[in-house]
Amino acid sequence: MSALNIALVGNPNCGKTALFNRLTGSRQKVANYAGVTVERKEGLFRTPGGRSVRVLDLPGAYSLDATSPDEAITRDVCRGALPGEPVPDLLVCVVDATNLRLHLRFVLELRRLGRPMLLALNLMDQARRRGITIDVAALQARLGMPVVETVAVKRDGAEALVAMLDGAVPPAPEAGEDHGDLHAQVSALLAEAVTMPERTSRLDERLDRWLLHPVWGLVILAAVMFLVFQAVFSWAGPLQDTLAGWISVLGESMGGALPDGPLRSLVQDGLFAGLGTVMEFLPQILLLFTFILALEESGYLPRAAFLLDRPMRAAGLTGRSFIPLLSSFACAIPGIMATRSIQDPRDRLTTILVAPLMTCSARLPVYTLLIGAFIPDQPVWGVFNLQGLVLFALYVAGIVSAMGAAWVIQKLRHTEGEHVLLLELPSYRLPNLLDLGIGLWERARIFLRRVTGIILSLTVLLWFLSSYPAPPEGATLPAIDYSLAGRIGRWMEPLFAPIGFNWQICIALIPGLAAREVAVAALATVYALSAANDAEAITSLSPLIAADWSLATALSLLVWYVYAPQCLSTIAVIKRETNSWKQAGFATGYLFALAYLASLVTYQLTAWLMS
Amino acid sequence: MSPLLQTLVVAVIVLACTLSLLRRFLPRLSWQSQARLSYFLEREGRPAALRRLGLALRPPIAASASACGTGGCNTCQGCK
């Protein structure tokens, strides 16, 4: 039996990616908002009948008249006009069964292509729960294509679809009276095949009355974000301490098992001091993503986009920029890629340029280390934790700076974007524990892959540069002072002295260009190699920097990390998405200038206040 | 473990890490260098062991050229 090429196509947020994951066993990101998929994804699976099926997960589209780059991909694949992409043998139109009025319109438009199709009524469990009755046979007869029910998030939710794929490919539906008004046709279809309850979503309405309120909505949004950051600090603490304890014990026993020499130094000062310090932040990262994933799944995030449309409009952006900017809290790279869903090229460019200001998760280890070392762990007003408040303030600083930068960029370019926000507000739903688990496992895997990949490589290289050339005979200073890294740090020091950075921080800034967390590993390695003895070398980094740096230096470094574009991959993606070195250079230049200026003000002001 | 053996092990680890970083951040240069080395080793007249090593070192046909794979990507669905 030959392999079957199918394409999952439909409106945004109808569950195509969840269905793709269900069919192929893949683990692509799923969320309860539009625009998660911005490029085609491919997977393979075999049906019980032994047929190989190649599945394409296409970006969601509302129409074949594409208005953004991601919609254009869907249009081209469906029409067989994407170079190098075979025409799908079968279009699987996925629709949200709870929102057929919107989704069937696109199905009717796709039917005009005259290609073999079938309709997957997804989210059928929720439709039933809300009292929506769908006469599948009538719908099938009216549309002229097979209709199957699916619940993509349930284990056996795609069985009917898989059984259908095992059989012969259905013939292309007849266009029939397809040239009239699509809305009128949808209404006729619904009248014949769908019975809606009197009020489909009383709960949604009740919640929206508060959550979309122009004042209370913003207050609730601020409270939710605030609680997330409080929790990241308070709840992750014990887990972090336990992990740090294990790493320390393992480091001591491994180091003790080796005789004195370069390998022991690499293991103790490089791997355990450097990598171990980064590993300790895994609980914080996972906790932060638990909240982000739960909010994504609940359907709250598009409401947040709606609420923030007005403030974003004041900054020259639109609510459409919200999802890309929100994705940038995980990493600027998917955030920048998600800007493909923004139609206006000027708005898209502005969003790309400010996305690196959103606080990506790689900054979290740096923030947590510095806050833990310099900000006292004390309650504020008896309820809040001061460290959590500072973390929240840093995230807010990133958001406010992004808005400010967007405003300036729009003013400098003398452009005004199209400020129309059309957004589908999905129904609220309880986060699916399986999806939440998959999302967290993915985050943990990504973090561990980074630790054992790029961070490991950079830490080893930094250890090498910090250890060689070896000190001369009769040297009195620590070995690192004679090393290549030590010399580079000393050479950079005058440039960064006005913002309070010492030579150790200057060394850490260089590998931090590849990945921000490496700065923590680099500092740990540099301080371990600067230690007078082994006992000091295995001391946690936090007390070492607390003793060596002033508060002004710590705050200056925190502010530096709010702004500095210290990730080469982000710059590379800006170049790729804008197809312009000029824009990539502009982003790098303005972010570095902003970082230096903000750190300078912070350092000098704090030093003056403390004197 | 003797100091010499420790130094050798460290040298291998540092070399492997450097190569992995080169492959990540300078994929084209690293591909070209690997290809040149493999062709050099595979030349006629070289001992069979060297030619086998050259064959083993021959890089895959296409080098990754996009920003994906440059190392920093944190979640990215698109980066494979």
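Predicted model: local features only at pLDDT ≥ 70, side-chain atom pairs only at ≥ 80, totals over all residues.
Reader: What should I know about numbering and confidence?

Author: Residues count from 1 along each chain as its sequence is written, while chains are lettered from A and ligands numbered from 1 in the order written. Local features need pLDDT of at least 70, side-chain atom pairs count only at pLDDT 80 or more, and totals for chains, interfaces and linings use all residues; side-chain values use heavy atoms, leaving out hydrogens and water.

Reader: How many residues does the largest nonpolar core have?

Author: A nonpolar core is a set of buried Ala, Val, Leu, Ile, Met, Phe, Trp, Tyr and Cys residues joined through side-chain atoms within 4.5 Å. Buried means under 20% relative accessible area, exposed over 50%, partly exposed in between (1.4 Å probe, protein chains only). Here the largest one has 127 residues, and Tyr367(A) and Trp549(A) are among those with the most contacts inside it. Helix H21 of chain A (residues 518-530) gives the largest share, 11 residues; helices are DSSP runs of H or I, at least four residues, numbered from the N terminus. A second, separate core of 39 residues includes Leu121(A) and Val151(A).

Reader: Which residues is Trp549(A) in contact with?

Author: Contact means heavy atoms within 4.5 Å. Beyond neighbours within four places in sequence, the partners of Trp549(A) include Leu370(A), Phe374(A) and Tyr527(A).

Reader: Why does Asp208(A) count as buried?

Author: Because its relative accessibility is 17%. Asp208(A) sits in helix H8 of chain A and, leaving aside neighbours within four places, is in contact with His213(A), Arg303(A) and Tyr428(A).

Conventions:
Helix = DSSP H or I, 4+ residues; strand = E, 2+ residues; numbered from the N terminus.
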